[in-house]
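Q: Take a look at this model with me. I want to know what lies behind each term.

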Amino acid sequence: MENSVPPLTGVDKSTKYSHVQERFAAQIPRPPDSGFQPCAGTGEESEERGRTPELDAEETLRRDMGPLRETTGEDQGLAMNRAERELIGLAIALIDGKRKFTPRERTLQRQGLKPAVKIMMATRNLIKAGEDPLGELFCKARPASLRRDLGATYTPDNIVAAMVGWAKLEAITPTRIVDPGAGSGRFIVDAANAFPKASLVAVEIDPLAALTLRANAAVKGFGNRLTVKVQDYRSIALPVIKGPTLFIGNPPYVRHHDIGTRWKSWFSRNSKAQGFKASKLAGLHIHFFLKTRELGRPGDFGTFITASEWLDVNYGSVLRQMLADGLGGTSLHVINPKARLFPDAMTTGAITCFRVGNRPEQLTVRKVEALSDLAHLSDGESVDWRKLEIAPRWSPFINGHAYDEEGSIELGELFRVHRGQVTGNNSIWIENPAMESMPVRFLYPTVTRARELMAAGGSLSSAKDLRRVLDLPFDLASADLSANERKAVERFLKWAKLNDAQSSYVANHRRSWWSVQLRSPAVILCTYMARRAPAFVLNKAGARHLNIAHGLYPREPMSEGVLSALLAYLHRTVTTAGGRTYAGGLVKFEPKELERLRIPALDRLHEQVAESVDLGRIASGRGYRESQLQA
Ligand SMILES: C[S@@+](CC[C@H](N)C(=O)[O-])C[C@H]1O[C@@H](n2cnc3c(N)ncnc32)[C@H](O)[C@@H]1O
């Protein structure tokens, strides 16, 4: 990493940094009680008088910053733990003494523990050898919850190298490089190497991370070219310069729930000012893109790695619009979630490359199966921007299932999709010996396990192997029960109560705690959470379903022929791409996501039916309709 972009083929180097800690520990003797001393003049002596440096620091930060600990990250850990204090001391020891710190860094400086010289030397050597021991230590020292609040997931070096490699292959040489959310500086370090004349701006809200980044820059010898802005990226200004700016980095992934109203309003306001319709559900990474578009000037360029969900969800549309308009998307590389992009975080990845104000006619898209295949970021298939601009989701283009927009509709136009019922306590309500004398008319054959659908092979023709679920009427008093039936029901409910069936959250929120209220049989059932594409099954058996499946209910009556044609289409084309993929490859489809699947319009389905050889079966096809199927 020191002098050039390392070759990316063959060896997967994603774990390089994770070895550093062990190597670091092996090379550096660190008995718990030695190696680090309080930094001179840190105020450590005040501890004896009952005032810890942590308290001093906390007070100062509170005074400077007000109440913090929102995702703005304007405060992370006022009182540092010992490992953090050691890291502060180590970073400061490595930084050229004349460097000017921001007030927040100075506050941390006072908490630092001075390292032994041999530790400092060993760290320096590792940094010179292209490692990031400080970043690695940061990830160990900083409690995971605080890192999560700030979206602090550091990027493996092969990803950094591929992105810097892309910038090097662009026809432009940057005059300035900006790394938003720079962390320990993995991007800025590599980019500084690749572009030895560029000025460098690292923006990092976390003063501890900023110190590690300054230390890396000092050891690498480019501290003089570097400006560190210890502040929120959304609040920075950049001086106008001659020549292009390269924006490069890994914006923090923080979900909207953890973003305060101040920044949500900022996002709405600024999106609107730039002509985009924005959703308040957008995460922090989308805010970073917006800010970049605001800062960028025609001729600037950039590449960011982010989670990939913005490709398909509604709140991602603002980023899709930005790339289409102004930010100038050139290529998009979606990394297969099974590749486990970040060893320490469950996340999916998309690398986006852009040329501000200079969008090509087509966007190059690519699916990257393994991290070792990452280079070159100019590879991929070309997709016309005109198609992308109108598409509600982008992953079909990445997965090579880009449908013909004309003549396609959303599944939701023909079907309502509902998740199955939650019982609140399966051991009570799914068939069990206590139900033995229950009236059979209240026992409904139900799909209670996803594997029952997977095994059905496209059509569930019999309910005989399904378990039954007890669904009693909510108004038992006016239910038509014989004396014996009433006794059986009372006996069962007594047993259920003894087993606490009435006290679950779900039971408490039902009309009557004993009435599960199964949905009517759906015409098509499907699984929605697996490592494979959903299994769509024609529900010929009229089975009910629990919440391990979704049910598709036609809005209008539909012949069995059309249903078969549709099922054949869904089996052929639906992949895991339309759902939300979690790292490790688990895919979940919410009902709304299923409703957004593109399918052929009804007339096309009819055409397919007409072409079908099984005309006789179709002619006698039964019609279904949601209302006809109500229990
Ligand atoms: C995903 S990490 C990337 C770190 C580093 N660039 C890398 O790739 O290894 C995101 C970084 O953004 C920082 N950050 C979070 N919110 C920020 C904000 N509003 N402004 C600037 N930096 C922020 C975090 O502290 C964290 O270091």
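Q: What makes helix H8 lie across strands, and which strands are they?
A: Helix H8 (residues 157-169) lies across S6, strand S7 (301-306) and strand S9 (349-355). Contact here calls for C-beta atoms, placed from the backbone, within 7 Å. Helices (H or I, at least four residues) and strands (E, at least two) are DSSP runs, numbered from the N terminus. H8 runs at about 160° to S7. Axes are lines fitted to C-alpha atoms, for helices over the stretch in contact, and angles run from 0 to 180 degrees between N-to-C directions. This is a predicted model: local features need pLDDT of at least 70, side-chain atom pairs count only at pLDDT 80 or more, and totals for chains, interfaces and linings use all residues. Residues are numbered from 1 along each chain as its sequence is written.

Q: Which residues does Met-163 contact, leaving aside its neighbours within four places in sequence?
A: Ile-248, Thr-303, Ile-305, Ile-351 and Leu-377.

Q: What makes Met-163 part of a nonpolar core?
A: A nonpolar core is a set of buried Ala, Val, Leu, Ile, Met, Phe, Trp, Tyr and Cys residues joined through C-beta atoms within 7 Å. Buried means 20 or more other C-beta atoms within 10 Å of the residue's own (exposed: 12 or fewer; partly exposed: in between). Met-163 belongs to the largest such core, of 103 residues, and is among those with the most contacts inside it, with Ala-91 and Ala-191. Helix H10 (residues 207-220) gives this core its largest share, nine residues. Another core, of 35 residues, lies apart from it and includes Leu-411 and Val-523.

Q: Why are S5 and S11 said to stand at the edges?
A: The open sheet has nine strands, in the order S5-S4-S3-S6-S7-S9-S8-S10-S11, with mixed pairing. Two strands pair if DSSP finds at least two bridges between them. Strand S5 (226-229) and strand S11 (381-384) each have a single partner strand, so one side of each lacks a neighbour in the sheet.

Q: How do you know that S3 and S6 pair?
A: Three bridges join strand S3 (residues 176-180) to strand S6 (residues 245-249), and the two run parallel. Three meets the cut-off, so they pair.

Q: What makes S14 and S15 partners?
A: Four bridges join strand S14 (residues 443-447) to S15, and they run antiparallel. Pro-445 has Arg-468 in S15 as its bridge partner. Both strands belong to an open sheet of three, ordered S15-S14-S19.

Definitions and conventions. Contact = placed C-beta atoms within 7 Å.
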